Amino acid sequence: MAFQVELVSPEAITYSGEAEMVIARTVEGGDIAFQPGHVPFIGVLAVWSVEVIRPDGDRDVFAVHRGFVQVAGTKISVLSDVSEKSTEIDVSRAEQAKENAEAQLSENSENVEAADALARAELRLQVANA
Amino acid sequence: MAGGKERELRRRIDSVQNTKKITRAMELIAATRVVKAQQRAREARPYAEQITTVIENLAAGGAEIDHPLLRKAEKVTRVGVIVISSDRGLAGPYNSSVIRAAERQVQNARSEGAEYSLIVIGKKARDYFAFRNYKVESFTEGISDNPTYEDARKIAETVAQLFIDNHIDRVELVYTEFLSIGSQKVATRRFLPLESTETIATEGGGDSKNTDSFEFEPSPEAVLESLLPRYVEARLFGALLESAASEHANRQRAMKSATDNAEELIVKLDREMNRARQDAITTEIMEIIGGAEALGDDEQPEDLVPAGAEN
């Protein structure tokens, strides 16, 4: 048994397919894996990856920078205004962003924007190399 | 002089023909853009619907918190008016009707004894309000043609911040609803404060049918807390997309009628020019005949005028 997965961005549905299992990480809640038949669930996603394990065993990994996950019946929706598929991430750009953010942080360790940028860049690299 | 009139008409026909070429090109461009804009508006709908569905499920789960975006002021001292217009004209009544509706909101605010703050998107509305000495609180240009979510997020953030800081107590959103390619309508909607989650749930376009009780992580309140700003952004983004589609549809219609008018005018001028040319020829013939007759009987004028030429 599989269920329907949709990644929805404000501009369009970016991914739609079947899955056996979806692994995500919620704010404060830690990692959580959904399988068909999971109780209805709504969670706020952490800046982390969302893994979709397809019925044929392959995985699609996405870097999700913020958003929500909703599980209802046989459908999982991930709502996020910034999500990127692992194969579409520009690694050199992410590395550049990471260096910039680190440089900014070394000047001012309380720069919240730089800290966020660093977290995003690290997530991108981690997802791209997964 | 007769030839002068003909030349003048020819020049006018040429100029109308050039205008027609431009309006025709604009019509075709608008026609392709309206299709694209319409598709973007359609593609953006699932997100807005799903966000509404989540709110519905939250409301069903009984989450009701004291979020600043839900604050209802006891006395409204300042009303924010967001108006979405375009940067470029030649779009028929598109800008003027949306601007008029926004001006009405400002007057409503004044008659309630409240101040107003204009949040203007698009050059046309800015020009109008600036010219009439309205105070424009915030102005964004270059996005109304093809808005991105990032644009919507920035504006929504600014507005939400003004609202949370108690600078404005109510926000009205004035934009153009895209009903179909042939029909667009100016709409004024309450933007902030948000209705209670129950109202969003009953009035929203979400598709939640199940009444199962949801699990929330970290908590219903925390979910709502981060959800409401997204909901505000998605609403503004939807309005921007619909306005963009409406702008292109209006421009297409305006340019189509301009092209049609140019065509009609060309036909009319063509006739006028032909008549002027015929008049000139007739006059010339008359002059020749008159001149020949004046020369006297011994000259035999019949030779100069072939039979039937006077007709």
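Figure 1. pLDDT is the predictor's confidence in each residue, on a scale from 0 to 100. What you are looking at is a predicted model, so keep that score in mind as you go through the views. Chain B comes out with a mean pLDDT of 86, and 87% of its residues reach 70 or more. For chain A the average is 85, with 98% of the residues scoring at least 70. As for the complex, the predictor gives an ipTM of 0.80 and a pTM of 0.83.

Figure 2. Strand S3 of chain A, residues 21-26, is where confidence in the chain is highest, at 90. At the other end sits helix H2 of chain A, residues 112-129, where confidence is lowest, at a mean of 81.

**Figure 3. Where chain B meets chain A.** The contact draws 22 residues from chain B and 23 residues from chain A. Three elements of chain B each bring at least two residues to the side that touches chain A: helix H1 (2-60), strand S6 (215-217) and helix H6 (220-294). H1(B) gives the most to that side, with eight residues. Sort the residues on the chain B side by class and you get 14 nonpolar, four polar and four charged.

Figure 4. Now for a closer look at two strands. Strand S5 of chain A, residues 41-45, pairs with S6(B) in the parallel sense, over three bridges. To find your way around, pick out A:Gly43 and look across to S6(B), where its bridge partner is B:Glu217.

**Figure 5. The two domains of chain A.** Back to chain A by itself.

**Figure 6. Where the domains of chain A touch.** Eight residues of domain 1 of chain A are in contact with seven residues of domain 2 of chain A. On the domain 1 side, strand S6 (48-53) and strand S7 (59-72) of chain A each supply at least two residues. S7(A) has the largest share of that side, three residues. By class, the domain 1 side is made up of four nonpolar, three polar and one charged residues.

Terms used: Residues numbered from 1 in each chain as written. Chains lettered and ligands numbered in written order. Predicted model: local features only at pLDDT ≥ 70, side-chain atom pairs only at ≥ 80, totals over all residues. Helix = DSSP H or I, 4+ residues; strand = E, 2+ residues; numbered from the N terminus. Nonpolar A, V, L, I, M, F, W, Y, C, P; charged D, E, K, R; others polar. Pairing = 2+ DSSP bridges.
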